[in-house]
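Please open the model in a viewer and keep the sequence panel beside it. The stops below are given in the order in which they may be selected.

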Amino acid sequence: MRRRFLAALGGVAIAVSLAACSGEGAGGGGDTKGAEPGDLTIGVSMPTQTSERWIADGNSVKEKLQAKGYKVDLQYAGDEIPTQSQQIDQMITQGADVLVIAAIDGTALSGQLQAAANAKIPVISYDRLIRNSPNVDFYVSFDNYKVGVAQANALLVGLGLQNKDGSKGSAAGPFNIELFAGSLDDNNAHFFFAGAMDTLKPYLDAGTLKVKSGQTKIEQVAILRWQQETAQKRMEDLLTSSYNDGGKVDGVLSPFDGLSRGIITALQNAGYRGGAKKMPVVTGQDAEVASVKLINDGVQSSTVFKDTRLLADQAVVAAEAFLKKEQPKANDTRTYDNGVKVVPSFLLPVQTVYKDDIQSVLIDSGYLTAQEVAAGRAG
């Protein structure tokens, strides 16, 4: 602990030193207004390369910034909090002009953010809100509460309780469902779960939906680090503990495609393949190509598509505003309280993708190719 403290203190000292001696356009909080893009560096910190979504995000942000002439320091942290902390420390000491950070743990970077503030380096929180720090300057994301609402509605549509247009469906229930949530240290997981549970509550209260395991609190259903294997193990445990009496799972609320694939594996291994034990309705998020193939094959029910190309665009817009010493345009200045301040935010819309939406939403837009969907892997 003492070593980490000294390292962080050293990072602050070096960052302050760099800020004090930097000239115009030299980085580390210098006067970037009017500087040439080639003289400016944006540090981009992404959480992991285990998810195709984060690989795509990192590459997209880097490519869009480089296309405008900026230098980009893109780092992936391998889902290791100390690694991400060290990488951001390095970006600061090497004179980054703006930081774009998708945090592994939204509460673990206060030292790095203070160092950035001391060096006058703006910080853009990317998709995952960084918490408990006054030194978050802007947030770019999707409307994460509405993501949860969309996932819950997709579950209702899959079960036949609701039609896609929101009207009442023909099914009556009751249906057995199980709930999953993301990592508790990811602020988005709480928004996803809140949106979903607010939407499902009337059906749960009426008994139309039943959670057979009784596990309905986010602390009971959360999956640390969004790990597919952990989701598979939890689904296996649920089947063993709550469905050994012959009961069947009709639906699973899953907030992420990676979790969905783990859940589906557990269900398939338990005999949910067709006939009397048909695959339950399983939701998802991020339109990962492996899951889009499952949707196309009729295995996974849906995914919530967040066009990360648009998110990368918005991160670039925000970074350029800061480099011009301007405040980026926000479309939400009330929702995202990080525990210390309400962070001005720009939120993007989302789309639910069912099988019959794959062509129009994902392929026609160029997000995926028909060949990638057929193969279940990126080209």
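Select helix H5 (residues 144–159) and colour its buried residues: Asn144, Val147, Gly148, Ala150, Gln151, Ala152, Ala154, Leu155, Leu156, Val157 and Leu159. Here, buried means under 20% relative accessible area, exposed means over 50%, and partly exposed lies in between, with a 1.4 Å probe and protein chains only. Helices (H or I, at least four residues) and strands (E, at least two) are DSSP runs, numbered from the N terminus. This is a predicted model, in which local features need pLDDT of at least 70 and side-chain atom pairs count only at pLDDT 80 or more, while totals for chains, interfaces and linings use all residues. Residues are numbered from 1 along each chain as its sequence is written, and side-chain values use heavy atoms, with hydrogens and water left out.

The length of H5 may be checked next. Its 16 residues should span 22 Å at 1.5 Å a residue, and its end C-alpha atoms are 23 Å apart, which agrees. The expected span of a helix is 1.5 Å times one less than its number of residues. Directly after H5, select Gly160, which has a positive phi near 85 degrees.

Axes are lines fitted to C-alpha atoms, for helices over the stretch in contact (heavy atoms within 4.5 Å), and angles run from 0 to 180 degrees between N-to-C directions. These four strands form an open sheet in the order S7-S6-S8-S9, with parallel pairing. At its edges are strand S7 (209–211) and strand S9 (281–282), each of which pairs on one side only. Two strands pair if DSSP finds at least two bridges between them. Between strand S6 (residues 175–179) and strand S8 (residues 251–253) there are three bridges in the parallel sense; select Glu178 and its bridge partner in S8, Val252.

In the loop between H5 and S6, select Pro174. The peptide bond that leads from Gly173 to Pro174 is cis, with omega near 0 degrees.

**The cavity**

Which residues line the largest cavity? Select Gln151, Phe180, Ala181, Gly182, Ala189, Phe192, Phe193, Ala196, Leu253 and Pro255. Helix H6 (residues 187–206) gives the most to this lining, with four residues. The structure holds one cavity of 30 Å³ or more, and the space in the largest cavity is about 50 Å³. A cavity is a set of points on a 1 Å grid over the protein atoms alone where a 1.4 Å probe fits but cannot get out, and lining residues have an atom within 4 Å of a point. Grid points are joined across faces, edges and corners, and a volume is the space filled by probe spheres set on the points.

**The six-stranded sheet**

Move to the open sheet of six strands, ordered S2-S1-S3-S4-S5-S11 with parallel pairing. Strand S2 (71–76) and S11 stand at the edges with a single partner strand each, so one side of each has no neighbour in the sheet. From one strand to the next, the twist averages 15 degrees.

Six bridges join S1 to S2, and Met46 stands opposite Tyr76 in S2. S1 and S3 pair over four bridges, with Gly43 opposite Leu99 in S3. Three bridges join S3 to S4, where Ile101 stands opposite Ser125 in S4. Within S3, Val98 and Val100 point one way and Leu99 and Ile101 the other way, and all are buried.

**Helix H11**

Select helix H11 (residues 308–323). Twelve of its 16 residues are buried, so H11 is largely enclosed by the rest of the structure; among them are Leu311, Val316 and Phe322. The elements that cover the buried residues of H11 include strand S1 (41–46), helix H2 (52–67) and strand S11 (345–348). Just after H11, Lys325 takes a positive phi of about 60 degrees.

**Two loop residues**

Trp226 lies in the loop between helix H7 (218–221) and helix H8 (228–242). Its phi is positive, near 60 degrees, and Trp226 is buried at a relative accessible area of 10%.

Finish at Asp286, in the loop between S9 and helix H10 (289–296).

Methods. On a 1 Å grid over the protein atoms alone, a cavity is a set of points where a 1.4 Å probe fits but cannot get out, and a pocket is an open set with protein on both sides within 12 Å along at least five of seven lines; lining residues have an atom within 4 Å of a point.
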